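Trainee: Could we go through some of the labels used for this structure together? I would like to see how each one is reached.
Mentor: Gladly, let's bring it up and take the labels in turn.

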Amino acid sequence: MRNPIGWASLTLFSLGFFAFIYAPLFVIIGYSFNSNPVNMMVWDHFTLDWYRGLFGLAREQLSGSVMPASGYVESTGHMLAALRNSLMVASITTVISTVIGTATAIALSRFRFRLKGFYSGFLMLPMMMPDIVLGIGLLIFFVTIGMQLSMLTIIIGHCTFLSSYVFIIVQARMAGLDPALEEASADLGASEWLTLRKVLLPQLAPGILGGALLAFVISMDDLVITYFVAGTDNTTLPVYIFGMIRRGVKPEINAIATLIILASVVIAAAGLWLRARKTD
Amino acid sequence: MCWRLRKLMTRQNLVLTTLLAPVTLFLGVFFLLPLVIIGLFSILSPGLYGGVEWSFYHWNYGRIFGWADGIDEIFEPIYLQILLRSLGFAAMTVVLSLLLCYPVAFWVSRLSPKTRLFFLFLVTLPFFSSLVVRLYAWLLILKPSGLLNSALMGIGVISQPLEILYTPAAVVLGMVYIMVPFMFLPLYSAVDNLDRALIEASMDLGANRIQTFFKVILPQTLPGIMGGAVIVFIPSVGNFIVPDLLGGARGLMIGNLVEQQFLSARNWPFGAALSMIIMSVVLLVLLSSLGRAKKAGV
């Protein structure tokens, strides 16, 4: 850019933009260490009490504490159960949607058939459909066929749209592959299945891994669909936190939120590191 | 020869069928069927204690547009207002996130490759972190005793806390905040693919910056703008988490109405009709953007 003043103001605006994105997250992290339990926006002094309370550790009764220690212990059990549910749902969802999405990507990239155009358009729909429509559609469907709302219904709900995400990622990887290798394998007498297993899948592995990682992350964070199809006994972590915030802002939420932010940074960094290593 | 070819064909068909069967069955049963059932429920009468009566009833739609039950009713525009408000909020979210992201996309595309990667990472990182947590942060910042009001009162700009939380402004702010990465990435790829020679040619031929922007840069990045707009508009219009956490009665959106019908009001057919409206808005936006893209392609 030729105009230095223009460039400087653009830089200033952009840095402001990144401050806008990140400041709220740092606000949470900061206040998760604030000992003021009454008004947590007023800084008192540094404390790890909210983290201790989160893990159900015996907590000295602070003067002015708004809640007895037993209250924290009870909510810790619920929170850990929600986290367990989230991990289980996300793991099973990841496996199922990765298999479905990968199979579909292979079919659409390596075969010619009449409904191909229809399929590639149709697979966009679950991603574009607002999650509230998908959520209540599944709720009515499960209730109508008399299926009990459970972990299974949550997993089904997640797979409907995450299969499409995996499909997109694996298909993008497919497009970069050289079909000559598969042709060579077929010419040398390998069956379709053998070619698929020994030639195609190893080359696709990075794409499949990327798709699976994305599916896991989105499943862990899904709120709306889970909210509708979870029923009363099965809460995932996002739904649990959503409920907690709705009932009122409490200092422990800051501690949970900080841990979630840290976990997501670690996952994103790991994903990036994997990608960087791949291109080496 | 012919026999071998046919055998090959059938074996290929078998592989293809096996590969396509899971997605066809799964999405057929758990995606298409639920959508059909929403459509069906939207024309049934509501049951007394939730659920439906299996009889035809078309006033669920009438209610959304102002006539709850037959022609004698007084026009009641509350639901129509909420629908229009949702469209307005979503449109505002698109415009604001576009205005925020466009200059930044430009800035990032002019950085050195290493720094560029770093800032792209910074844009995508929030996508990996929890949606509820990010909205909760704004709750902390905007509430009357929150950070923003404490800071403004501390430096003496205001003497009374501002009422930002539970207003339409808070809802739009929250939606812009969570949608920013989705607007940024398509914009960035459009800006990054700009033909710089054209910009220089335009400047050399005597066009000023404003002319160059509107005649050269904007038309070239239009596909990115349209893509970002669609990706942001669609999840915004049916959103109910943001208005639930940050909007009060004045920030209520159509998504909140749907949620209420299913979880507290227990009027399922009305909720289904509302969902059909959301779905038609989405399909309309998608089809028109596809039509535009096709026209541009030809």
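## Rings, burial and domains

Mentor: Let's start with Tyr79(B), which counts as buried because its relative accessibility is 17%, and buried means under 20%. Keep in mind that this is a predicted model.

Trainee: How do you know whether Phe270(B) is buried or exposed?

Mentor: The relative accessibility of Phe270(B) is 0%, so Phe270(B) counts as buried.

Trainee: Why is the pair of Tyr79(B) and Phe270(B) called edge-to-face?

Mentor: The ring centres of Tyr79(B) and Phe270(B) are 4.9 Å apart, and pairing asks for centres within 6.5 Å. Their planes stand at 70°, and over 60 degrees counts as edge-to-face. So the pair is edge-to-face.

Trainee: What makes this a link between distant parts of the chain?

Mentor: Tyr79(B) sits in helix H3 (residues 78–109) of chain B and Phe270(B) in helix H12 (residues 268–297) of chain B, and the two are 191 residues apart.

Trainee: Which residue lies over the face of Phe270(B)?

Mentor: That is Arg63(B), at 4.2 Å from the ring centre; the distance limit for a charge over a ring is within 6 Å.

Trainee: How many aromatic pairs does the structure hold over all chains?

Mentor: There are 29. Among them is Phe18(A) with Phe119(B), whose ring centres are 4.9 Å apart and whose planes are at 50°, so this pair is tilted.

Trainee: Why is the pair of Phe18(A) and Phe119(B) said to join two chains?

Mentor: Phe18(A) belongs to helix H1 (residues 4–31) of chain A, while Phe119(B) belongs to helix H4 (residues 113–128) of chain B, so the pair joins two chains. Both Phe18(A) and Phe119(B) are buried. Ring pairs also link them into a cluster with Phe17(A), Trp107(B), Phe118(B), Phe184(B) and Tyr188(B).

Trainee: Now the domains: where do they lie in chain B?

Mentor: Domain 1 takes 37–76 + 267–298 and domain 2 takes 90–256. Their C-alpha centres lie 30 Å apart, and nine residues of domain 1 of chain B contact seven residues of domain 2 of chain B.

Trainee: What makes up the area buried between domain 1 and domain 2 of chain B?

Mentor: Carbon and sulfur atoms give 93% of about 700 Å². On the domain 1 side, Ile278(B), Val285(B) and Arg292(B) supply 51% of the area buried against domain 2 of chain B, more than any other three residues.

Conventions:
Residues are numbered from 1 along each chain as its sequence is written. Chains are lettered from A and ligands numbered from 1 in the order in which they are written. This is a predicted model: local features need pLDDT of at least 70, side-chain atom pairs count only at pLDDT 80 or more; totals for chains, interfaces and linings use all residues. Side-chain values use heavy atoms; hydrogens and water are left out. Rings of Phe, Tyr and Trp (its six-membered ring) pair if their centres lie within 6.5 Å; planes under 30 degrees apart count as stacked, over 60 as edge-to-face and the rest as tilted. Helices (H or I, at least four residues) and strands (E, at least two) are DSSP runs, numbered from the N terminus. Buried means under 20% relative accessible area, exposed over 50%, partly exposed in between (1.4 Å probe, protein chains only). A charge sits over a ring if NZ of Lys or CZ of Arg is within 6 Å of the ring centre and within 35 degrees of the ring normal. Domain bounds come from an automatic or database domain assignment. Contact means heavy atoms within 4.5 Å. Buried area is the accessible area (1.4 Å probe) that two parts lose on being put together, summed over both.
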